[in-house]
Amino acid sequence: MNPISKLIACALFLSSTVALSQNAYYDAFYLQSQSTTDRSGEIRIRVNAENIRSLEEVFRRYGLTGDYSSDEELYNAMSDLLNKEENPLISFKSYGQSNFSDRSISGVSEKAKSIGASVSGFNVSTVADGLAKFLVKRAKQELTMAFFEKFKEDLENYAELKILFPQTFDLLEVIGEEIYNFSGYLNMLREAFQFDLQNLIPHLKQLINEENMAAYLKTNPTVDFILGNALLIADDLQNGVHPGDMLTNISNENLNYSTVRNLSPSLQVMNLISQSLTSKQADQYWISSDSLQLLFRNETTMKVYLGLIYQLGKNITFENKRDQSYKLGTYLMALSENYNEYIPALSAYIKKINQQTEIVDRNLKTINRLNEMVGQKSGYADHYAFYTSVIDMVGLTVSISQVQAIAKEAYFDLAKFDQFIEIARQMGNLYLDVQEKNYFGAVMSLSVILDKTIPKQKEKLDEAVVEIQRWTNLVNIYEDNDLTVVIDNIRRFAEEQDQSAEIDELLNALTILSATVNGNNREAVKKIMETIKGRIANRSGQLDRKILERYTVLLKKIMKYGNLASSIAKAENSDEVEKIIETIALPAGSASIKKKTDFSVGLNAYVGLSPGYEYSGDTEEWAVIFGVHTPVGIAFNWGKNKNENEEGVKAKHVSNSLFLSVIDVTAFSVLRFNDSETSELPEVSLSNIFAPGLYYVRGVAKLPVSWGIGGQLGPQLRTIESTTITTGDGVTFSGKFFIAVDIPIINFYSKSK
């Protein structure tokens, strides 16, 4: 067997554990890995102090008996065994650092020569294809191990991720250093992801109390309100709380809330009307619209009803536009004096609430009826209709702003309330997707919720500042009508971001000035606009930039790991889980050895992509090339710690390598990336894949990825199809740059730091 044949054979199934295998097939590969071929073609097994006891375990399965106190005695016994059996193929030769005598057993070396010369017993296509399969599979394994190591690292570094995926974190902690054996935990991993995704809503409730989030919410009470109440709705419904009781919970939760102006009293009035219209019938929560009409038809009955509302809610207090209090009781007193003027708007408000509660009741009845029927079950559409009707009901809270007498006195923060309803709808999508096990949708809804309530908050403020500045710069050239439109836009920006009395005064002054715009007061208009811009800019500056930046990064990680979790949670078995991981995972593994040692030498392969410039002897021309690159050869590696002189900084290990390529199995790798099943392959020779070359290779920190630059001759083999191969007859030379997965196959020597 010639040296190239041996090199390929060694690359196939080598590991330090194959010596423990239980059949001749694996034992043969192990013995082959310990062998060399001399100039005469005779195969000789290397025996030294390091491998002799492993060889003993193998030979005891093939006739070796007895106990041997010294390595010399053991060596002689194994040598005698082969002589006794007159083995025609295997000779013994010890060399290197050992205490054994140099001796060999003469065998039928002519037969060995014949095998090495003709390669008739050693199919090059099969071996090269086997090597390609091994490299493709190992590349995927290296990437997968690195992905889970990175996932575990992110879980440790981001408390938010740990809160969202607690079961997964616990499992990865248990696996610990055995992450390389992740395949044994695939079913457990699937169950962990399923648990975490099923509990996204309670986990999100925990998240808003996490240190970073709590600090952010403390300075952003509006976001605190939006997230807290949207979660309350979803959580109540997930726990089977009736929407009517849920509305009471929201009202009670916000009794003293004042950041979104007049939201709390609006919720209290909405809940007061809702509770006043509850039904005595067992199968529905609220009275029907027909029943409500009976109330409206009789003026006396209606006045008595409103009198009772007065008794219950007279002290519900709104904040008027002069920062003074305005009680519901005051409004109802005015209504009693101007009944015919005030009652239409109030009746319309009550009717809206009743019509929507009727829809909620109807949707809930549909779900209950379907679930009570044999062989029937409510589906996504039924639950979606129900939840949407609940959010629409909550959305009617602000409809009290359409009751003119109240709207005349009180200011309603419509923009912020719309934002709350938007997030509440997304929270509903999250709830429904979890219920239906639509985990991809659940992860997307979670990301949208966090994105709109954290990073987007600052973006909106900054956009407002830029826009107001642009308008301010153009004040002197605006037509009067244009300036009026601009002031209306500024009012919208300011009301969305700052509802203080000072802003109200500024906006009122701006409106007055805009009504009489002339050359004298345009500067006054600019001054007020500048003041408003400064207020909003100051609001933006109060936000914690570190938290905003953290969540910008975190949201990408939630999408990345959430999509992986969703795919795995839906998998039927561990085989599906492994395939899913292969499609998602990105790069560490054995490639780290060369980065963490001073110097090492080993058999190495690289599987990746490579642009280059190639000279073809067939055409005698140079051409640009790009494609998969899979060289195999000897690597001389020097490890390096990038942060050796930096205290307190986690080390980032890299490597520098001199790589001598010997063969190139790119054609087989391309085939196996596209088709892992084909077994019938055309025959190739060793000369077809021989590709000597020299590369400088740099190993990237934390990843089993390297980039390299250099050049090589060949290979002749260009492509493989089902029954044919394409080769070049002339000599080829290519200069290449590659980025590839780094796959050490055998480590021959290493010197630790």
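Helix 19 and helix 21 run roughly antiparallel to each other (the label for angles over 145 degrees). Their axes, lines fitted to C-alpha atoms over the stretch in contact, with angles from 0 to 180 degrees between N-to-C directions, come within 10 Å and cross at roughly 160°. Helix 19 covers residues 380-395 and helix 21 covers residues 414-435; helices here are DSSP runs (H or I, at least four residues), numbered from the N terminus.

This is a predicted model, where local features need pLDDT of at least 70 and side-chain atom pairs count only at pLDDT 80 or more, while totals for chains, interfaces and linings use all residues. Residues are numbered from 1 along each chain as its sequence is written, and side-chain values use heavy atoms, with hydrogens and water left out.

Contact (heavy atoms within 4.5 Å) brings residues of helix 19, including Tyr384, Tyr387 and Ile391, together with residues of helix 21, among them Phe417, Ala424 and Tyr431. Sorted by class, this contact has 12 nonpolar, 5 polar and 3 charged residues.

Next come helix 17 (residues 328-337) and helix 18 (residues 339-372), whose axes come within 6 Å and cross at roughly 125°. That angle makes helix 17 oblique to helix 18. On the helix 17 side, Tyr331, Leu332, Ala334, Leu335, Ser336 and Glu337 take part, meeting Tyr339, Tyr342, Ile343 and Leu346 of helix 18.

Leu263, Pro265 and Met270 are among the buried residues of helix 14.

Conventions: Helix = DSSP H or I, 4+ residues; strand = E, 2+ residues; numbered from the N terminus. Parallel < 35°, antiparallel > 145°, perpendicular 65-115°, else oblique. Nonpolar A, V, L, I, M, F, W, Y, C, P; charged D, E, K, R; others polar. Buried < 20%, exposed > 50% of the residue type's maximum accessible area, 1.4 Å probe, protein only.
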